[in-house]
Each structure stands twice: as structure tokens, then as C-alpha cells.
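This report looks at how two chains meet. Start with the overall contact, then follow the pairs of elements across it.

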Amino acid sequence: MQPESAMTPGLEVTVLVSVGRHPLTGRARRADQDARGVELARSLANAEVHLLHAGERDESSEAALRGYLGMGFTELSLLEQPEGADVLPALAEALDATSPHLVIAGERAERGEGSGLLPYLLAERLGWPLVSGLAAVESVEDGVATLLQALPRGQRRRLKVRLPAIVTVDDAAPTPRQSAYGPARRGAFEMTTGPVSDDEEWAAWQVQPARQRPKRLKIVKAASARDRFKAAAAKSEGGGGQVLTDVTPTQGAEAILTLLREEDVLR
Amino acid sequence: MSDLPRRDPRQEWIARNRLHPRHAEVLLAAGQGAASEWWGPGGLVRRNPHAVGFVGPNGVKRIDRSGTQQGAGGGGAATPPAERKPLVEIEAPDFMVAVVPDMAGGRLSGHDRDLLGLARQLADADQVARGAVVAVVFGPHKEANFGEAGIDRLLHLDSPEVAGYAPEARLGALILVEEAWAPRHWLLPDSKLGGGELGRRLAARLGERPATGVWQVAADAEAVMGWQCTARGAAGALDIRRPLPRVALALAECAEPVSETRHAAAELALPQPLPSTLSRIQDFGQVSVDPSGVALSEAEFILSAGNGVKDWPGFHHAAEVLGATEGASRVAVDDGFMARDRQVGATGTWVTARVYVAVGISGAIQHLQGIQTCDKVVAINMDPGCDMIKRADLAVIGDSTQILEALVALVAQAREEKRDAA
């Protein structure tokens, strides 16, 4: 192991960070999932972590981006892009040039379209594998990363992926550390420029603050008043459930075990 | 034979005339013990009050006024609603609408059904040029009623390459579908169960710009595909109105599920075998997580205890062996046997488990509300008449302590055998 790790000096990790939006006040902040991604990168042993942001630089976004610098970084690469531009070509070019081993991103942006498509498009363009919804990176050995993917209902799945790869971070990833004020002030932005492409479709769409979705009405398709009354007054019923009376405990347990096996909840 | 009712005046006359020698015979042929209601020759409705109702189990005559019963024999009115739904078959569709349901737990989820409802809207909008809904299902499934959900064609891919977490192989299969049938729309659930990821991969591969988080679709003649959609953007903070693109990832409740028709769900097959791709992602399967660390509201498998549990150490041991998250009814919490955050029901947590095992819980209405969305409910109880038994898919009447002990022994034995075999 020792000579190999000497040959590969360290794992180069690039974290794509964005300007987030506070859900209540709407103020710019560090995006939650991106901050989790930075925390994940910080927890990797022997890793060299770079921060990369593509977007415009103004007062509010700078304050938000300094939140990432306060997590223990001295500089952040900023690809300058005008507002409403498609940042994909610029990011792809920058990643192609630096060619990191691992790219970490959040699942979706907190501003703009927020479709969560950027990592997939980057992976498609660079030809790298992509793993979505990470909870943790367990280890990185010989160019293969062992990852823990978060599934719904608190479940986890173990995956191995060949590097270089792009991964996105789930809400189940470790909570980000607090941003320290001093390092955040001292950190520097390394400005670069890249190709600019306008997003014309986005400009053509109508965008408005989200309104509450209408609640789905319970439509009762009943022919008679009796059916309508039954539907309105009904308790939740399974209907046609199997009832085992006068069975020995073992027989009952076997029936339950069969159901649990069918539903595949036993591990 | 046609279903048109043909009237035979002579038979009707005999059926009306109780003194006719062939009266009983004709009524039997008409499928009724005795006609309670018929159209008279003058166009009036005639009723025979003696023929109404049926004799109940206690020997007392009961009259059901819901309209489902006619005559003493009950008639043919008790046909289940599933058979009454008209079957829609689309022989030569003008276009295809492809849907890739999540199939969480091997069944169509509510989200999948909503999506299929949306697909039906898109397919049936034009009465002249009708489309067919194709569902692409990966891996083994337990769903029996694909037709009822509104699926015209079913493409079931059950090869080992697409099993488990294999997004690249599944994407390859979807690309084959695209090449073979070129669906006009691709609809996927925007969910964490795999649909959201697969849809984004598909869109990136096809070079389409998908609409994500779609929650409303409306016809619009000016749009490119003839549809306008409303989608959530910016982590749910924005509503974006835009023309519906080819690939759409829709949220739950984006449309009403299909309920009035059933469809053919005819089997389709891919014209060529799946390409063998070298996957760069290796799946090592699910990792066992500590079930007590999983939040009760999102736990998949809950073992819940109520007043009927006497052996608490045995219950905790059973939960540990089964790998279930522990829940409790209000009584068990009030008596101090379980923590307050484990309470299931209206005042506690509303759970969404796939399997809910209620041990010694009689099923107060508040508790039943809390488990409304559970798929399978198993009840272990002493009282065969309680409400939980009515709700349960499987109920075992007996002493919960002994049954749990037997269950633990069976599971331990199965694990032992597995270990010996391995």
C-alpha cells in the first residue's frame, strides 16, 4: 500500500458550490446540500479539496460564498458568468482542464430552475460515472471509491465506483460544520473566465413564486345514497383480511413469517 | 350475442300472472325467484311487495333498500365493479407515451398511478389519433392489476443486468425503447426511489431538456407538443410555467389515477437483446442499518406494542431479531413501557410503513388513523372481534408472547440454516 500511495500524492476533490436561498427569508446563504458536500470532502483522508463556483459576483452572492470559505479554505475558484447564463459549458471546460478524481455536488440548486440536472449533464459530457444521493464516502483505494448511498426510509446501499466520478449529496449526509467568520473574511476568490452561453429557454418561461398546490379532493363515485354514506363514514378497512383462529403459536408465526418474506422486509 | 334487452310480452304476461300454470317456471328462467318489479303493459311499473327482500340468517325477512337487490333471488346485481369497468383496447396506436414506474416494493405506488393517469390524459386527448401507454418495468414485481392502472402495453425486463441498482443498464434499456418505438412523451416519477435519477440520466442521454417537478399539465394549442405544464423550481420555491417537453418528471398527485376503465396491458418485448454494458458502478446491496435509529414516520417495518403485551423484554428482543422499528399504542406509552416518541396514531406519529405488525393492539380509531397509509397490517391479538382485526391483512388470534417467541425462533432457525449453507 505504501508505495502506491506515494505514487498518487492525494485524492483531488472538487466541490461544486452554489449560492443558496434561505427558505424563509429568501436571503442568499451557503446552499445546504453543497455545504454537506464540502463537509463530506473535508472528511476524506488525504484529500486535496478545491471549491468551484460558476456565476456572477455581487455583494450578496459573495457573502454567501464566503460561508464556504469559512469551512476551512483559503481560496475559491470563481468562474464568472452573467446572470441567467447556462454554466454547463464553462464548468465542463474547467473540470476538463483540472481533471479532479472526484467531483461532489448538491442534488439541486436552491435558486433558478433547480432541476438537479447539472451533475447528470456534466457526467454525460465528461463521460464519467455518476452516483446520486450519497450519505458517506467510506474509502477510496486504488482508484475505486466505496460509497454509501442514502435510500428513502433511512436505508443505505453500498456501491463501488471507478474514479474519476461525479457524486451528488443527499440530505442524509453529515451536517456541515459552522462557518468561521475570520477565515471566511480572509479567504480569496480566484477569478477565472470561461465560455458564456445564454439560456434562452429559461428567459422565455413564466416564473412566479410557488403557490400552494390544491389539495386533492376525495371523489366518491357512488351510485346510491347508501354507498355515499358508507364512503363518508367508513373507517379504514383492510377488507378480506385473513384471520387465523385456533392455531398453535408456531402455525401463526409461520403465517406471519411468510408474509414478511413476501414483503421482503426481513434482512 | 348482443346485450340489448329483448322483451317477450308473453313471458312478461306469464310472469305477472301468478295463477298461470307456467308462472314459476318463467320466473326461474328470468333468473329471479319472483319478480318484484316489472313494466306493465300500460307503461306503468308494477310491483310485487311479497317478492321484495330476502330471508336473513335469523329467519327474519330483511329488505335492502340500497337498490343492489331485486327480487328474492338477488338477481345478477352483485357483479364486482372490476368486471363492470369497460375494457379499452388500442390495436394500432398512433403514438406511444412511455412511463417508467418506480415499483417500490414490487407494486405500483400511488405516485406511479398518478403518473399513469397523466399518461392516459396525454394519450387520450385526441379522439381520432389515440396513443398507447407503455410501461417499462424493471426487475421482479408483485403487481397483478397493470390494466386497471391504465397500461396498454407492458414491457417487463427481468434480466439480471437490470436488477438492483443498475442505472446504466436501465438507461441502456430505455434507449432501446426509444429506438424501437420513439415514444412521443417520456414520463417518470420525480422521486427518490430511482425514477428521478433515471429520468435525468435519460434526458441527458437524449439531449432533451426535461421538466422536473411537474405538478400540473394543461392542454395548450400554442405550445410545441400541445401541452403546457407547471413545474416546481428552486427547491420548491418557484412555479415555472413552460411548454411540456418530451421528457417530464412529475411529482405525486400530478393527475387523477385511472379509475373508470381498464386496459389491455399486453406484453411487449424488445426487438433486440439488451446491450452488455460494462458497468462502472458496482452494487453491493443494502446495508443493515440500526432500525431504532430510523425515524418512526419513515420506517419500513414497524413492530408495534399495545396493552396486550405482557412480556416487554421479549417484545424488544423480537424487534431486534426481526430488524423492525419499535412503535407503541397510546396505552403502552401512558403506562410507561415505551417512550413518547414511539407512539403511533393521531396524537403520535402518522406512519407510512410497508409492513406494520400490531401486537396486542385493539385498534382505537385514533390508532387506525395513524396507520392509514400502511400497506400490510398484521395483527396479533387475543380478541377476534376487535377493530384491528378488521383492518389487518393477516390476523393471528392467540397469546402474543408465545407467538412472538415462535416467530423469533423461526427467524433464528432460518438464519442458522442460511449460515450453514453458506
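## Terms and model

Angles under 35 degrees count as roughly parallel, over 145 as roughly antiparallel, 65 to 115 as roughly perpendicular and the rest as oblique. Helices (H or I, at least four residues) and strands (E, at least two) are DSSP runs, numbered from the N terminus.

This is a predicted model: local features need pLDDT of at least 70, side-chain atom pairs count only at pLDDT 80 or more, and totals for chains, interfaces and linings use all residues. Residues are numbered from 1 along each chain as its sequence is written, while chains are lettered from A and ligands numbered from 1 in the order in which they are written.

## Two helices

Helix 5 of chain A packs against helix 6 (residues 195-206) of chain B at an angle of about 45°, with the axes 9 Å apart. Axes are lines fitted to C-alpha atoms, for helices over the stretch in contact, and angles run from 0 to 180 degrees between N-to-C directions. Helix 5 of chain A and helix 6 of chain B are therefore oblique to each other.

A:Tyr120, A:Leu121 and A:Glu124 of helix 5 of chain A meet B:Arg200, B:Arg201, B:Ala204 and B:Arg205 of helix 6 of chain B.

## The whole contact

Chain A gives 66 residues to the contact and chain B gives 71 residues. Residues are in contact if their C-beta atoms, placed from the backbone, lie within 7 Å. On the side of chain A that touches chain B, helix 9 of chain A supplies the largest share, eleven residues.

## Two strands

Strand 14 of chain A pairs with strand 12 (residues 238-243) of chain B in the antiparallel sense, over four bridges. Pairing needs at least two bridges found by DSSP. A:Pro209 has B:Leu238, in strand 12 of chain B, as its bridge partner.

Terms used: Two residues are in contact if their C-beta atoms, placed from the backbone, lie within 7 Å.
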